[in-house]
Structures are given as C-alpha cells and as structure tokens.
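Here are my notes on this model, written as numbered points. Please keep the structure open beside them as you read.

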Amino acid sequence: MRITLLALAVASTAISPVFAAAHLSAADSTALVDACRAPESATRTVPGIAVTDIPAAADDLPGLLIHDATNQAEARIYYEPAFEQMARAHAPCWGAMLRELAQVVPETRPGIRWASIVLTANPDYVPPRDGTDARWTALVNGDDAHLERFLFLVMPHEETHAVQTARREGLPRWFQEGHAEWAALHVTALVRPELAAEQRAKHAAAAAKGDAELGAWGGMRVSREAIRRQLSPEDQQRYDTDPNFSPHGPFHFGPGDIVSDERNTDTRYASALALFDALEAAHGTSAVQEWITAVLADPDADPVALARTMLDEDLTPLLG
C-alpha cells in the first residue's frame with residue numbers, strides 16, 4: 001500500500017493536479033486557454049469545435065449547438081436574447097472544456113450528448129419537458145463571480161456525474177463525488193487556475209474539521225428524531241446533551257424514519273477528492289484512469305476491491 005492516512009491528509013492541502021494538459025497537444029492547450037480567457041468581445045475559435053445556431057422552437061429559447069469533430073460529442077447553450085453575445089463567446093470555450101473533461105474522466109464513447117446550459121436572468125426558469133435534454137441554469141444577475149464559478153467549476157463536476165450515471169448505477173458516494181471533483185478540478189486548473197486554487201483551499205480547510213467516515217456517506221441510517229420521539233422526557237434531555245448516550249430499545253421505525261447519511265458533507269467532499277489526489281500522486285494519472293474505467297465498466301465492480309487488485313492499495317482504512 002503506497003498511500004496512507006498521512007498521505008491522504010497531506011493530499012488535501014498540498015497536492016496540485018499533475019494531469020495538467022498531458023493529453024492535449026500544445027496547440028490544443030493554447031486554443032483551450034485562449035478561448036476561455038479571451039474577452040467576450042473577442043472572436044474565439046478552437047480547432048475542431050463548430051458552433052451553429054439552434055432557432056428558437058415554440059415556447060423555448062434560441063440556442064447554440066456545439067459539435068466536437070474529434071469525438072463527435074455535442075453540447076448546447078440556450079440563451080435569452082439579451083445574452084446572445086455571452087453565449088457565442090462561451091460556446092467554443094465550453095466545447096473545448098468538455099473535450100478535455102472527456103479525456104480526464106475518461107469518457108471514450110463517441111457521439112455523447114452533454115447536458116445543456118441555459119443563460120437566463122430568470123431564477124424561476126423552467127425548461128421544456130420533452131425528455132430529450134437535461135438543462136442546467138446559469139443565472140445571469142450581475143454576479144460575475146458566481147457565474148464564473150458555475151460555468152468553470154460546477155458544470156464540469158456535474159457533467160462528470162452525468163457520465164457516471166450513463167455508465168453504471170450503484171456507485172458509492174465517496175467514489176461519485178471524489179471522481180467528479182477530481183476530474184472537474186483538472187479542467188478548471190487549465191482555464192481558471194485561480195478558481196481551482198480557491199476551491200482546493202476550501203477543501204483543505206474542510207478536511208481539517210474532523211473524521212470524514214467516507215464509507216458511511218450516503219448509507220441509510222435511522223434518523224435521530226425517530227429514536228428521540230420514543231424516549232422518555234428524561235432520556236430525551238440526555239440524548240440531546242450527551243453525544244455518548246446510547247439509549248436502549250426496543251424501537252419501532254417506519255420507512256420515513258430511514259434517511260441517507262449526509263453528515264459532514266464539506267469534510268467528505270474534501271476527503272474524497274484527497275483520496276483521488278493521493279492515488280494519482282502515488283500511481284500516476286493513467287493508472288487512476290484505468291481504475292476508474294474498470295469501476296464504471298462493470299455494474300457489480302467494487303471500487304475498493306479493484307483498487308486492491310489494480311493499484312495494490314487497501315482503501316478500507318481511508319473509508320472508515
């Protein structure tokens with residue numbers, strides 16, 4: 001085993017992405033960065049990325065179809081008329097980011113359709129319910145920092161989740177979130193390095209808050225209130241004030257008393273990312289991607305068992 005609890009703790013504060021632009025040619029890397037950092041008024045182009053108009057259908061917004069000739073992938077940006085220039089400026093950048101994200105994830109299926117983005121000032125926007133398009137709303141309300149964070153950090157994370165969902169079900173929560181944040185930050189670091197650094201600093205602070213108990217994340221447990229309501233008034237007071245108090249049953253529970261374990265969410269996100277970072281630092285990006293690919297390829301595959309056979313790593317102590 002090459003990573004340890006100490007290495008995991010260090011990873012959350014010290015490891016920077018090593019993937020960088022390893023899978024991009026120098027020209028592609030330059031085109032990606034230029035397209036995503038040029039001012040909106042500039043003409044942005046990326047080799048292999050074509051942007052064409054989508055006329056507004058009835059009760060819908062106009063949009064832009066983004067097609068990547070290198071992998072035949074497609075994405076869409078819909079926009080209110082006031083934000084047309086913003087949409088056209090971001091489209092080549094977004095297409096290039098998705099190309100890079102596909103290489104990091106990795107997503108090798110040709111012709112995939114990524115989720116769409118909607119540029120709107122309406123916080124109550126509701127997309128057409130035709131079942132053919134998943135749309136994420138980018139709220140344009142003058143808060144440029146929020147919009148930047150959404151486009152360059154949140155969306156790569158969520159697009160990675162879309163790949164996971166398309167490939168298999170039943171992934172443990174620590175794998176879902178660690179993988180999504182790891183892949184997203186690789187891309188963010190290329191186009192908005194200052195935003196990636198800020199996000200990693202937040203994760204580092206969260207990781208220091210306590211034990212993440214990654215293996216329990218998303219697991220089903222009985223809610224505290226379901227136990228509390230069945231206690232005597234004296235035991236309720238003790239239950240509220242003594243974290244070590246374990247009341248005696250018997251208890252009776254219904255379906256509504258079982259909840260997902262979502263405690264320490266910030267710490268868990270940080271620790272899940274740190275686990276992927278530590279694996280990458282110990283084994284290299286390609287080995288981690290091979291492990292990810294094997295996990296996503298088999299609906300019955302156990303990420304922990306595959307890490308043991310493929311990476312000679314026992315992740316069990318890191319998940320407790």
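1. For the method: on a 1 Å grid over the protein atoms alone, a cavity is a set of points where a 1.4 Å probe fits but cannot get out, and lining residues have an atom within 4 Å of a point. Grid points are joined across faces, edges and corners, and a volume is the space filled by probe spheres set on the points. The search of the whole structure finds four cavities of 30 Å³ or more.

2. Before going further, a word on provenance: this is a predicted model, where local features need pLDDT of at least 70 and side-chain atom pairs count only at pLDDT 80 or more, while totals for chains, interfaces and linings use all residues. Residues are numbered from 1 along each chain as its sequence is written, and side-chain values use heavy atoms, with hydrogens and water left out.

3. Which residues line the largest cavity? They are Ile 77, His 90, Cys 93, Trp 94, Ile 117, Leu 119, Leu 151 and Phe 152. Two or more of them come from each of H3, strand E4 (116-120) and helix H4 (144-167), and H3 gives the largest share, three residues. Helices (H or I, at least four residues) and strands (E, at least two) are DSSP runs, numbered from the N terminus. By class the lining has seven nonpolar, one polar and no charged residues; here Ala, Val, Leu, Ile, Met, Phe, Trp, Tyr, Cys and Pro count as nonpolar, Asp, Glu, Lys and Arg as charged, and the others, Gly among them, as polar.

4. The second largest cavity holds about 50 Å³ of space. Its lining divides into six nonpolar, two polar and three charged residues; Asp 68, Glu 74 and Arg 99 are among the lining residues, as are Ile 49 and Trp 114. Strand E2 (63-68), strand E3 (73-79) and H3 supply at least two lining residues each.

5. On to the packing: the largest nonpolar core has 70 residues, and Leu 119, Trp 174 and Trp 291 have the most contacts inside it. Helix H3 (residues 84-104) gives the most to this core, with eleven residues. A separate second core of six residues includes Leu 61, Leu 65, Tyr 78 and Tyr 125. A nonpolar core is a set of buried Ala, Val, Leu, Ile, Met, Phe, Trp, Tyr and Cys residues joined through side-chain atoms within 4.5 Å. Buried means under 20% relative accessible area, exposed over 50%, and partly exposed in between (1.4 Å probe, protein chains only).

6. Trp 174 deserves a click. Neighbours within four places in sequence aside, its contacts (heavy atoms within 4.5 Å) include Leu 214, Trp 217, Phe 276, Trp 291 and Leu 319. For the protein as a whole, 66% of contacts between residues at least 6 apart in sequence join residues at least 24 apart. Buried residues make up 46% of the 320 residues, and there are twelve helices and seven strands.

7. The search finds 20 salt bridges, each a side-chain nitrogen of Lys or Arg within 4 Å of a carboxyl oxygen of Asp or Glu. Asp 277 and Arg 200 meet in one of them (2.7 Å, N to O). Asp 277 lies in helix H9 (residues 265-283) and Arg 200 in helix H6, so the pair ties together parts that are 77 residues apart in sequence. Asp 277 is buried at 1% relative accessible area, and Arg 200 is buried at 14%.

8. A local pair in H6 (residues 193-207) is Lys 202 with Glu 198, four residues apart, about one turn of the helix. Their closest N and O atoms are 3.4 Å apart. Lys 202 is partly exposed at 44% relative accessibility, and Glu 198 is partly exposed at 39%.

9. Finally, the backbone. Most residues other than glycine have a negative phi, and most peptide bonds are trans. Val 105 and Pro 106 are joined by a cis peptide bond, with omega about -10°; Pro 106 sits in the loop between H3 and E4. Asp 59, not a glycine, has a positive phi of about 60° and is exposed, with a relative accessible area of 80%. Asn 264 has a positive phi near 50°, in the loop between E7 and H9.

Terms used: On a 1 Å grid over the protein atoms alone, a cavity is a set of points where a 1.4 Å probe fits but cannot get out, and a pocket is an open set with protein on both sides within 12 Å along at least five of seven lines; lining residues have an atom within 4 Å of a point.
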